[in-house]
Amino acid sequence: SFAKMYTEVRGLQVDCETFAEHLWGDFYFDPSKRSFTKKPSKSGYDRSFVEFVLHPLYKIYSTVIGERQAQIQELLDEFGVYLKPSTLGLDVKPMLKEICKAIFGPAEGVVGMVCAHVP
């Protein structure tokens, strides 16, 4: 699951199942308290899904689309992913597809996650 991958990449010591439950629905993450809440604060925290799923996806997309090779390599290192130099030389769209496949696995996993959690 995305929660398990996130905790492994970030080295977090949290229960993956509880974390996964907090990624869906009206949960907000308060970084100052490092906890989840059902009500948004006055500071305007994003929903936990946005904080922990969408923002990292946007980071991946913007880095790859920006074609900044050094930043792409840093991103891959952060996820513990190694790609062949020939893959890093591809055009943006095929390279993005390969990077997402390397980070998230085959698309079937993402489809399964959406089917399980989206009404």
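This report describes a predicted model of a protein, from its overall make-up to single residues.

## Overall make-up

The protein has 119 residues, and 28% of them are buried. Its secondary structure consists of 7 helices and 2 strands.

The exposed surface comes to about 8000 Å², of which carbon and sulfur atoms supply 56%. Among contacts in the protein with a separation of 6 or more, 36% join residues 24 or more positions apart.

## The nonpolar core

The largest nonpolar core holds 24 residues. Within this core, L23, I60, L76, F79, I99 and I103 touch the most other members. Five helices each supply at least two residues of the core: α1 (2-10), α2 (16-23), α3 (48-65), α4 (69-79) and α6 (92-104). The largest share, 5 residues, comes from α6.

Apart from its neighbours within four places in sequence, L23 is in contact with F2, A3, S48, F49, F52 and V53.

## Helix α4

The buried residues of α4 are I72, L75, L76 and F79. Seen down the helix axis, they fall within an arc of 95°, so they line one face of α4. In general, an α-helix has 3.6 residues a turn, so residues three or four places apart point the same way.

The cover over the buried residues of α4 includes α1, α3, α5 (85-88) and α6. On the face turned away from the buried side are the exposed residues A70, E74 and D77. After α4 comes G80, which has a positive phi, near 70°.

## Two helix pairs

Two packed helices are described by the angle between their axes and the distance between the axes. For α1 and α2 the angle is about 115° and the axes are 8 Å apart. The crossing of this pair is right-handed. On the α1 side the contact involves F2, A3, K4, Y6 and T7, which meet C16, F19, A20 and L23 in α2. L23 of this pair is also one of the core residues that touch the most other members.

For α3 and α6 the packing angle is about 145°, with the axes 10 Å apart. The crossing of α3 and α6 is right-handed. In this contact α3 contributes L57, I60, Y61, V64 and I65, while α6 contributes V92, M95, L96, I99, C100, I103 and F104. Three residues of this contact, I60, I99 and I103, are also among the core residues that touch the most other members.

## Two single residues

T63 lies in helix α3. With a relative accessible area of 8%, T63 is buried, because buried means under 20%. Leaving aside neighbours within four places in sequence, T63 is in contact with R68, Q71, I72 and L75. Of these, I72 and L75 are also buried residues of α4.

E98 is found in helix α6. Not counting residues up to four places away in sequence, E98 touches T87 and L90. E98 and L88 are 10 residues apart along the chain, and their C-alpha atoms are separated by 9.1 Å.

Technical notes:
Residues are numbered from 1 along each chain as its sequence is written. This is a predicted model: local features need pLDDT of at least 70, side-chain atom pairs count only at pLDDT 80 or more; totals for chains, interfaces and linings use all residues. Side-chain values use heavy atoms; hydrogens and water are left out. Helices (H or I, at least four residues) and strands (E, at least two) are DSSP runs, numbered from the N terminus. Buried means under 20% relative accessible area, exposed over 50%, partly exposed in between (1.4 Å probe, protein chains only). Contact means heavy atoms within 4.5 Å. Accessible areas come from the Shrake-Rupley method with a 1.4 Å probe; for residues, only the protein chains shown count as cover. A nonpolar core is a set of buried Ala, Val, Leu, Ile, Met, Phe, Trp, Tyr and Cys residues joined through side-chain atoms within 4.5 Å. The arc is that of the directions from the helix axis to the C-beta atoms. Axes are lines fitted to C-alpha atoms, for helices over the stretch in contact, and angles run from 0 to 180 degrees between N-to-C directions. A crossing is left-handed if the near helix is turned anticlockwise from the far one by less than a right angle, and right-handed if clockwise.
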